[in-house]
Amino acid sequence: MTPEQIETLAWDKQQGLLPVIVQDADNQRVLMLGYMDRAALAATLETRRVTFYSRSKQRLWMKGESSGDVLDLVSLEADCDADTLLVQARPAGPTCHLGRTSCFPSAPGGFLPELDALVAQRERERPEGSYSTRLFADGTRRIAQKVGEEGVETALAAVAQDDAALLGEAADLAFHLLVLLRSRGLGWSDVEAVLRERHAAAAG
């Protein structure tokens, strides 16, 4: 967002403040609602850390400035009336001051990106006793073999077993596919990007 675009926003509607909805960029869960003035928006764009105007403190407030649970900016856009902002960010920790992921406890979010993030963490940290750690230690070839096995079991369940068995096998396949992708330095977001490209090409 350019300085010119900032000035086109509807700052006068709410005494120089705009409500800001913050979403997790990976799973789309709504994390919180805050407010920005011009200075907070400029600071957010400059530092790439989400910064608000605190109405209680009467000053700029970078989320996580004391806790370390910052919000790293991914994207920012205004709504159709230019009086509300949507921020997509990656949280470095709990967003809510109560230690919750979201200020809205029941806010929905995609689980597959969460699982992918957990698999990525397992790959980095290799905790002892973790099944994921054992898979990563075995290497990409063995993980690929496991994906093949789970794919066959899923296909067999589809033609010879009940829905519960099919869902169970499909879940196993999805998990091992995430591990395989991560062993190659890839993640579910990379798969989604390919799907979006294909969808756009087909729609065009």
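Guide: An axis is a line fitted to C-alpha atoms, for a helix over the stretch in contact, and an angle runs from 0 to 180 degrees between N-to-C directions. The model is a predicted one.

Visitor: At what angle do the axes of helix α4 and α6 cross?
Guide: Helix α4 covers residues 131-138. Its axis and that of α6 come within 11 Å. The two axes cross at roughly 50 degrees.

Visitor: What are α4 and α6 to each other, in terms of direction?
Guide: Angles under 35 degrees count as roughly parallel, and 65 to 115 as roughly perpendicular. The axes of α4 and α6 cross at roughly 50 degrees. The two helices are therefore oblique.

Visitor: Which residues in α6 does α4 meet?
Guide: The α4 side of this contact consists of Y131, S132, L135 and F136. By class, the contact of α4 with α6 has 5 nonpolar, 3 polar and 1 charged residues. On the α6 side are F175, H176, V179, R182 and S183.

Visitor: Is the crossing in which α3 passes α6 left-handed or right-handed?
Guide: Helix α3 (residues 111-125) and helix α6 (residues 163-183) have axes that come within 10 Å and cross at roughly 50 degrees. That angle makes α3 oblique to α6. The crossing is right-handed.

Visitor: How many charged residues does the contact of α3 with α6 have?
Guide: From α3 come L112, L115, D116, V119, A120 and E123, and from α6 come F175, L178, V179 and R182. Of these residues, 7 are nonpolar and none is polar. Asp, Glu, Lys and Arg count as charged. The number of charged residues in this contact is 3.

Visitor: Which residues in α4 does α3 meet?
Guide: The axes of α3 and α4 come within 9 Å and cross at roughly 65 degrees, and the crossing is right-handed. The contact residues divide into 2 nonpolar, 2 polar and 2 charged. In α3 they are V119, R122 and E123, and in α4 they are S132, T133 and F136.

Visitor: How much space lies in the largest pocket?
Guide: The lining of the largest pocket is made by 23 residues. By class, that lining has 7 nonpolar, 7 polar and 9 charged residues. The space in the largest pocket is about 680 Å³.

Visitor: Which residues lie nearest the centre of the largest pocket?
Guide: At least two lining residues are supplied by each of β6 (85-91), α3 and α7 (188-203). Nearest the centre of the largest pocket are D24, D26, N27, P113 and A117.

Notes
Residues are numbered from 1 along each chain as its sequence is written. This is a predicted model: local features need pLDDT of at least 70, side-chain atom pairs count only at pLDDT 80 or more; totals for chains, interfaces and linings use all residues. Side-chain values use heavy atoms; hydrogens and water are left out. Helices (H or I, at least four residues) and strands (E, at least two) are DSSP runs, numbered from the N terminus. Angles under 35 degrees count as roughly parallel, over 145 as roughly antiparallel, 65 to 115 as roughly perpendicular and the rest as oblique. A crossing is left-handed if the near helix is turned anticlockwise from the far one by less than a right angle, and right-handed if clockwise. Contact means heavy atoms within 4.5 Å. On a 1 Å grid over the protein atoms alone, a cavity is a set of points where a 1.4 Å probe fits but cannot get out, and a pocket is an open set with protein on both sides within 12 Å along at least five of seven lines; lining residues have an atom within 4 Å of a point. Grid points are joined across faces, edges and corners, and a volume is the space filled by probe spheres set on the points.
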